[in-house]
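Visitor: I am new to this structure. Could you show me how to read a few of its features?

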Amino acid sequence: MTFVPTAELPSPPPTGAPHVAVSAAGGVFPVGAVGFWGSRLDPDDPAVGVIAAARGTAVVRRSGRVDTAGPDAPVVRAPSIEVRAVRRLGGRWWALGDRRVVALDDGESFGVAAGSIDVVRHGEGPVGVDPSGAVRSPDGAVLDDPGGLDGELLGAIDGAEGWWIVARSGTVLARGGAAAHDGVDTSTYPHPLTAVGPTLDGRGLVIATADGRLHARGTPYPGGLPRPAASGAVTAVSPVEAG
Amino acid sequence: MTDQLTRLAVAAPLPPARSGVAAYVARQLPELSRRLEVILAVADPAAVDPSLAADHRIVGLDELGSLDVDAVLYHLGNSTECLEVARAIDEGPPGVVLAHDLSIHHLVSYVGLGLDHPDEYAAALETAFGDRGRRLAELRIAGERGEAELALFDLVGPLLRRHRAVVVHSTWAAGLVRRRAPGVPVAVVPHFAPEPVPPLDRIQLGLPLGDSLIGVLGNAVPAKRPDVVLGAVRRLVDRGRAVHVVVGGRDGTDGELAVLIDELGLGEHATVTGWLSDRDLRALAGTLDAVVALRSPHLGESSGPVPMTAVAGTPLVAWPVGSFADLPPDAYVAAPVGGDEVGDLADALDELLANPARAAVVGAKARRWALDELAVERCVDRLVGAVAAAPEDVPDEVEVDRPWGPLIGRRRPGRAVVTGGNDDDADALRAAGWLVRPVAGAPGMSEAPVGWADLVVWRVRSDEHIDRAALDGLHRGVHPAGRLVVRVPTERLSLVIAKALDSAGFGAGGLDQLEPVRLGGESVLTAVKVGAPR
């Protein structure tokens, strides 16, 4: 008889691309096949974004400070703004501040509508997303309104086509031609949503919940934290940049 | 024995497969090829590193039976890269098996359950352990999958018993093989030491220039006890020592490592490199100020990083158990086991780092030992000798009375005595036929020392129920292999206890009385002592 089961190994391995999550105080958590290169905890200056490379990370703080770690940490220009969110738009990373979004590579900046709490691409450049999930031009005009978002906005994720609006209730709304993805059913999975992040190919998104889990939508499951982090809930999750 | 050993087939994973076994075989190959005509057998010949393919004949594993060779040498490992070779060991021509790992349950479980072949998984466990194996398989198929069982219910016996001989890297592993495959000759050939390579520039790894670097090398699986190492580093930091821990390998803990680093506040004192090539790992070994090698439970694995560390002249701190017990006493620092593991390791490291002269002596002696005893030429000579000495035929099947081995240590048989976590638990266990030892003066087991026990099992619903500080104190005096923390339902707890006692050679007497019992509470300590109640 055959003693070792005959199943064929899947190829590639049944895990998604590596990601890195960061907690409120700045704890860094590699997920998947990527190393840990260091973290700096600072509860007084919350971490709002993380940019990850194979051998290094850059954690962006609310104050605009950037903590890098690792021999090949991403080169990031610290934005001189109070940062509300860090987003990947068209392969570049941007920091959203009050009425302004600043590129973290060369400092290029655009104005956004007052009251924006997130940012996506609409037309040529970055535009703000308000707490209702509506996309607004810099002068405040509504460019897209998902209408009736059931709950507070968690975040907006820019995709290869269109974008996704994610509510803290677990709802995921596809807009602008993005593919529809399931949300997180918080009635059966009773853990608050804490962060949302992009994928490298722009085809999906990754949602973090308070128990440390990551929920993949439109992308293979990358793994997650085995339990909640001591340094706070996950506030940002990002794919590891290729190369 | 083989009259004339001139042509040898070697079945193994090969680079670029990211496997320690592949690196081992590749490094050994030049020496082996000087002595014998070597034919390599792999799952996919087209995938082999071209530099190896240029110098060797490479065939598929399915050709092993038709090769004109004097012997087949199989390399058995526990990772997915070793799967096809494990199947060849299961079905191919009898040969000599070099067992780098003596569980392979991880591999069989991954393939059988992870890839949805439950019937075959159940058959494998039943083949190895009879009815008890089948019952365990049913539980795991139903979704109750813990780690402890993978160590307790190893699956090498049926694989090894159909071969001419077995080679292992340590005396301890040889003892396990003799129990699982009695009658099959077993030889010990130490894991060779690779050639040292220049150390890495710390800046290359982004490591602090002024700190003492403490390393854990190879994939960081839970059995390497990264929790203990990180705990010790935390204590060193608290004592004001400038230290940085470097995990040179993949995180094999499903993210537990980073969570632990976070909990201990070691984010600025820790690096996990991810997978490293064999050469980079060797270079890292020479970059570090000390390397820690712990393992519990021990599955008979050989440790590539240990000879790698020794030949680099880097002092090694290890628990003197399992394969590490073969190390010359003056060539490493033995951290005490069975007590305050974290504190004792911190003390050992502290003393070593505070005394560079001693560290240098330990490192130099290890290097001398590695160069003398673990030279690849010498180890290959011994390996070839073991293959040549293997009997032509497979030894007659020896009835395996109890094929599982001395995980804890053989002691005199007797009846099992159990203390439940609280009065209700004790009553339930007593009703199930166990002798129950009352713990005088203790309101619950969580406050009672259990140093008297041979086996301590914590059944928890999740890790958050583990009070690790309390465990450190409670476990004092209990052998590390006798400490289990399992996330299992009551039914599976019974199996774990029964199997652990059998493994320890306590005999099955009384265990048949063990039936599933209902234990109260979320976190239950079951301490087991064999013999008359005190």
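Guide: We will take a helix pair, a loop residue and the cysteines in turn. Keep in mind that this is a predicted model.

Visitor: How is a pair of packed helices described?

Guide: Two numbers do it: the angle between the axes and the distance between them. Take helix α9 (residues 226-238) of chain B and helix α10 (residues 256-263) of chain B. They pack at about 20 degrees, with axes 10 Å apart. Angles under 35 degrees count as roughly parallel, so α9(B) is roughly parallel to α10(B). The crossing is right-handed.

Visitor: Which residues make the contact between α9(B) and α10(B)?

Guide: From α9(B), B:P226, B:D227 and B:L230; from α10(B), B:L257, B:L260 and B:I261. By class, five are nonpolar, one is charged and none is polar.

Visitor: Now the loop residue. Is A:S39 buried or exposed?

Guide: A:S39 is buried, at 11% relative accessible area. It sits in the loop between β2 (28-31) and β3 (47-53) of chain A. Beyond neighbours within four places in sequence, A:S39 touches A:G26, A:G27 and A:V28, and also B:G267 and B:E268.

Visitor: And the cysteines? How many disulfides are there over all chains?

Guide: A disulfide is a covalent bond joining the sulfur atoms of two cysteines. A search of the whole structure finds zero.

Note on methods: Residues are numbered from 1 along each chain as its sequence is written. Chains are lettered from A and ligands numbered from 1 in the order in which they are written. This is a predicted model: local features need pLDDT of at least 70, side-chain atom pairs count only at pLDDT 80 or more; totals for chains, interfaces and linings use all residues. Side-chain values use heavy atoms; hydrogens and water are left out. Axes are lines fitted to C-alpha atoms, for helices over the stretch in contact, and angles run from 0 to 180 degrees between N-to-C directions. Helices (H or I, at least four residues) and strands (E, at least two) are DSSP runs, numbered from the N terminus. Angles under 35 degrees count as roughly parallel, over 145 as roughly antiparallel, 65 to 115 as roughly perpendicular and the rest as oblique. A crossing is left-handed if the near helix is turned anticlockwise from the far one by less than a right angle, and right-handed if clockwise. Contact means heavy atoms within 4.5 Å. Ala, Val, Leu, Ile, Met, Phe, Trp, Tyr, Cys and Pro count as nonpolar, Asp, Glu, Lys and Arg as charged, and the others, Gly among them, as polar. Buried means under 20% relative accessible area, exposed over 50%, partly exposed in between (1.4 Å probe, protein chains only). A disulfide is a pair of cysteine sulfur atoms within 2.5 Å.
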